[in-house]
Amino acid sequence: MTLRPFNAPGARLALRSKRASQLFQGMRGESEVILDISRLLSRSFHPSPTGIDRVEYVYARELLERMPDRLSFAAVHPAGGYYGRLDKAAVRQFLAFTTAKWRNAGVVPAGEGKAAVIRHMFATRPRPVPRARAPRVYLQVSPHHLDDHAQVGAILRAEGAKFITLVHDVIPLSHPEFARPQGAEEHLRRVRTIDSFASGIIGNSQATIDALEPHMQHGLDGRAVRVAHFGADAPDIFGAKDEDVPDRPYFVYISTIEPRKNHLLLLNIWRRLVERLGDAAPVLVLIGRRGWENENVIDILERAEALRGHVIEAGEVSDNRMHALVAHARAMLMPSFAEGFGMPVVEALAAGVPVICSDIVAHREVGGDGPDYLDPLDGLGWMRAIEAYSQPDAPERAAQIARLVDWRAPTWRDYFDIITDLIEEVTASVP
């Protein structure tokens with residue numbers, strides 16, 4: 001993996017206390033880290049990952065490299081509501097299988113799809129928790145089962161471990177109108193669990209930590225808190241070969257189709273562009289599965305004859321195809337109303353692909369001076385920008401590409417330096 005120096009615009013650490021490296025000299029590397037991979041196991045039958053799936057996978061991969069002798073795995077297993085330790089060799093095989101599946105959008109040798117998943121499920125069945133030989137940290141980086149306060153408490157008691165968790169966003173509480181029905185209530189239960197048990201909290205952005213704090217009844221003081229921006233330097237991430245892409249200028253949007261992602265804005269813009277430009281209009285490629293509360297968007301995608309051939313709903317695609325589509329796009333579009341981080345923005349910028357995104361706090365924090373920002377309600381502004389960027393010699397696009405020369409992407413190396421430091425601080429406080 002090629003790693004670059006970390007200097008991501010707007011990135012900073014939220015430190016509630018001094019760095020562990022200063023406070024706890026001589027105590028590093030003594031703790032045991034238990035990584036919960038419940039989310040990855042629960043998504044075993046899905047062909048393509050969500051952003052949260054990818055993050056949990058990267059944690060497993062990177063921590064195996066950094067601390068193989070200290071790392072263990074655990075899960076609330078899909079086969080039942082119990083929990084326990086997972087065989088490390090079986091987890092390694094499961095991660096390799098997951099990598100191949102995502103790269104090829106779930107394509108595995110004929111007849112081995114479900115059978116292979118079942119074999120991995122059996123191999124990763126939980127085992128009893130061993131006796132502790134060192135201070136323990138239980139690390140959970142997805143919201144899986146956080147809404148079950150009693151279960152999380154039972155896991156931590158069984159492990160005798162301190163709890164560290166990653167918060168991806170607080171959108172169901174800050175913007176309940178964009179959540180699933182009962183989404184706000186479910187997310188509040190997750191926050192209550194974090195409030196009760198977390199000794200350490202990781203935010204994917206300062207915006208997420210700022211949004212979380214008002215919902216924490218016991219506050220953030222006294223906990224170890226870090227902000228760490230996800231890396232954008234995974235190997236072979238962009239530029240896949242032998243993938244067909246549209247032969248007209250096109251734009252991409254990577255997102256589950258749900259209300260806060262603002263697909264309706266883009267579809268109305270594309271109708272107007274087609275009315276004005278006909279076959280000279282650019283193409284819009286939508287990457288991502290259909291989500292919830294999206295009837296108006298689905299009606300347009302399925303019934304708007306005027307958009308046939310101009311809007312392509314690609315759905316869930318392989319990593320190879322997604323990377324090729326992004327690499328050759330005129331720009332990545334991201335008009336969402338609310339985000340915790342905005343990973344597609346960072347990954348596109350890291351690949352030198354221009355981004356036009358909504359002017360919201362999270363995008364400003366991770367994008368810095370790179371993207372062009374527009375209000376998510378400014379339909380005419382978005383239409384002007386898209387039409388300008390679709391031109392072969394667009395000065396606006398050239399200006400952004402020139403800015404990206406000085407834009408520095410966050411790296412996973414620096415990300416996990418922050419996480420390792422947090423783990424050491426939390427375990428050093430164990431009596």
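This is a predicted model: local features need pLDDT of at least 70, side-chain atom pairs count only at pLDDT 80 or more; totals for chains, interfaces and linings use all residues.
In what order do the seven strands of the open sheet lie? The order is E3-E2-E1-E4-E5-E6-E7, and the pairing among these strands is mixed.

Two of the pairings can be followed in detail. Strand E1 (residues 32-36) runs parallel to strand E2 (residues 71-76), and four bridges connect the two. Within this pairing, Asp-36 lies opposite Ala-74 of E2. Helix H3 (residues 51-66) packs on the sheet and touches E1 and E2, as well as strand E4 (136-140), strand E5 (161-167) and strand E6 (198-203). The direction of H3 makes about 155° with that of E2. Helix H8 also packs on the sheet, where it touches E5 and E6. The direction of H8 makes about 130° with that of E6.

E6 and E7 run parallel and are joined by four bridges. Ile-201 has Val-225 of E7 as its bridge partner. Which residues of E7 point one way, and which the other way? Ala-224 and Arg-226 point to one side of the strand, while Val-225 and Val-227 point to the other. All four of these residues are buried, Arg-226 included.

The axes of helix H6 (residues 149-159) and helix H8 (residues 183-197) come within 9 Å and cross at roughly 30°. Because of that angle, H6 counts as roughly parallel to H8. The crossing in which H6 passes H8 is right-handed. On the H6 side the contact is made by His-149, Val-152, Gly-153 and Leu-156, and on the H8 side by Arg-192, Thr-193, Ser-196 and Phe-197. By type, the residues of this contact comprise three nonpolar, four polar and one charged.

Another helix pair is formed by helix H10 (residues 263-277) and H11. Their axes come within 9 Å and cross at roughly 30°. H10 is therefore roughly parallel to H11. What is the handedness of the crossing of H10 and H11? The crossing is left-handed, whereas H6 passes H8 in a right-handed crossing. His-263, Leu-264 and Leu-267 of H10 meet Asn-296, Val-297, Ile-300 and Leu-301 of H11. The residues of this contact divide into five nonpolar and two polar, with no charged residue.

Some loop positions deserve a look at their backbone. Most residues other than glycine have a negative phi. Gln-182, which is not a glycine, has a positive phi of about 65°. Gln-182 is in the loop between helix H7 (171-174) and H8. Is Gln-182 buried or exposed? With a relative accessible area of 59%, Gln-182 is exposed, because the cut-off for that class is over 50%.

Glu-293 also has a positive phi, of about 50°, although it is not a glycine. Glu-293 belongs to the loop between strand E9 (283-287) and helix H11 (295-303). Its relative accessible area is 45%, so Glu-293 is partly exposed.

A further loop position is Gly-368, found between helix H14 (361-367) and strand E13 (372-374). The relative accessible area of Gly-368 is 11%, and the residue is therefore buried, the limit being under 20%. Gly-368 and Trp-407 are 39 residues apart along the chain, and their C-alpha atoms are separated by 8.0 Å.

The totals for the protein put these details in context. The protein holds 17 helices and 13 strands. Of its 431 residues, 56% are buried. Among contacts between residues at least 6 apart in sequence, 78% join residues at least 24 apart.

Note on methods. Residues are numbered from 1 along each chain as its sequence is written. Side-chain values use heavy atoms; hydrogens and water are left out. Axes are lines fitted to C-alpha atoms, for helices over the stretch in contact, and angles run from 0 to 180 degrees between N-to-C directions. Angles under 35 degrees count as roughly parallel, over 145 as roughly antiparallel, 65 to 115 as roughly perpendicular and the rest as oblique. A crossing is left-handed if the near helix is turned anticlockwise from the far one by less than a right angle, and right-handed if clockwise. Contact means heavy atoms within 4.5 Å. Ala, Val, Leu, Ile, Met, Phe, Trp, Tyr, Cys and Pro count as nonpolar, Asp, Glu, Lys and Arg as charged, and the others, Gly among them, as polar. Two strands pair if DSSP finds at least two bridges between them. Buried means under 20% relative accessible area, exposed over 50%, partly exposed in between (1.4 Å probe, protein chains only).
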